[in-house]
Amino acid sequence: MENYVITIGRELGSGGKLIGEIMAKALGVSLYDNRLITIAAQESGINPALFEKADEVTNKGLGASVVRTITSPFQSMSNFYDNSLSNEALFKLQTDVINQKAETENCIIVGRCADYILRNHPRHLNIFVRANYDDRVKFICDRDKLSPAKARHLIDKTDNQRSEYHDFYCETNWGDSRAYDICVNSSLLGLEGTAQFLLDFAKRYFKI
């Protein structure tokens, strides 16, 4: 049977990554988020700082015409790479890692356009996690020890960056329910409850 992969898009402060971690532990699979940056840097020999600078942030001024040209999963893109270190080139390198992980193991991938990159994967489930705004502010205040005003600023800025990054590289829109198999408001059941709900859904869907 083919490997399965769960992708999780998330609003900042919704607890999407924590929900993914709970699911990964229960399923006994790996979760990949910004670890993909380290892996891509190691495999390409490029300074990780370059990936971190471009992580889920796009530069609309860059003119490389690779937007919406992601090839089907499992196809090598090694011919693409040259001396260019544009955000698009770094995105392609990270795309290779995402495809490789999805091809070789069951896993959960958080963010990084994985929902679109793996759209042709034979066993994928795309999830988007949101939450009520006030709950998100409280989550960020508690996590990052910020004032409510600073938390709101960080939420709005990060969501905008994630949306622009996703929509720049993908034909689907970040947060649009039509781009995902299931969208969930984590405020309703809490992190543990939401994770359990999604686990039950995934197990039934993948027949595991």
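Figure 1. Read along the sequence, the elements follow the pattern β-α-β-α-α-α-β-α-β-α-α-β-α. The secondary structure comes to eight helices and five strands; helices (H or I, at least four residues) and strands (E, at least two) are DSSP runs, numbered from the N terminus. The model is predicted: local features need pLDDT of at least 70, side-chain atom pairs count only at pLDDT 80 or more, and totals for chains, interfaces and linings use all residues. Residues are numbered from 1 along each chain as its sequence is written, and side-chain values use heavy atoms, with hydrogens and water left out.

**Figure 2. The chain as a whole.** Of the 208 residues in the chain, 49% are buried (under 20% relative accessible area, with exposed over 50% and partly exposed in between; 1.4 Å probe, protein chains only). Among contacts (heavy atoms within 4.5 Å) with a separation of 6 or more, 72% join residues 24 or more positions apart. The accessible surface is about 10,400 Å², and carbon and sulfur atoms account for 48% of this area (Shrake-Rupley method with a 1.4 Å probe; for residues, only the protein chains shown count as cover).

**Figure 3. Strand β1 and its two partners.** Strand β1 covers residues 5-10, and six of the six are buried, so β1 is largely enclosed by the rest of the structure. In a regular strand the side chains alternate between the two faces of the sheet. Val5, Thr7 and Gly9 point one way from β1, while Ile6, Ile8 and Arg10 point the other way. Strands pair if DSSP finds at least two bridges between them. β1 runs parallel to strand β3 (residues 107-110), joined by four bridges, and isoleucine 6 stands opposite isoleucine 108 of β3. Six bridges join β1 to strand β4 (residues 124-130), also in the parallel sense; here threonine 7 has asparagine 126 as its bridge partner.

**Figure 4. Lysine 101 in helix α4.** Lysine 101 lies in helix α4, which spans residues 87-104. Lysine 101 is buried, with a relative accessible area of 13%. Leaving out residues up to four places away in sequence, lysine 101 touches Tyr32, Ile39 and Cys107.

**Figure 5. Helices α6 and α7.** The axes of α6 (residues 133-144) and α7 (residues 148-169) come within 9 Å and cross at roughly 110 degrees. Axes are lines fitted to C-alpha atoms, for helices over the stretch in contact, and angles run from 0 to 180 degrees between N-to-C directions. α6 and α7 are therefore roughly perpendicular (65 to 115 degrees). Residues making the contact include Tyr133 and Ile140 of α6 and Pro148 and Leu154 of α7.

Key. Parallel < 35°, antiparallel > 145°, perpendicular 65-115°, else oblique.
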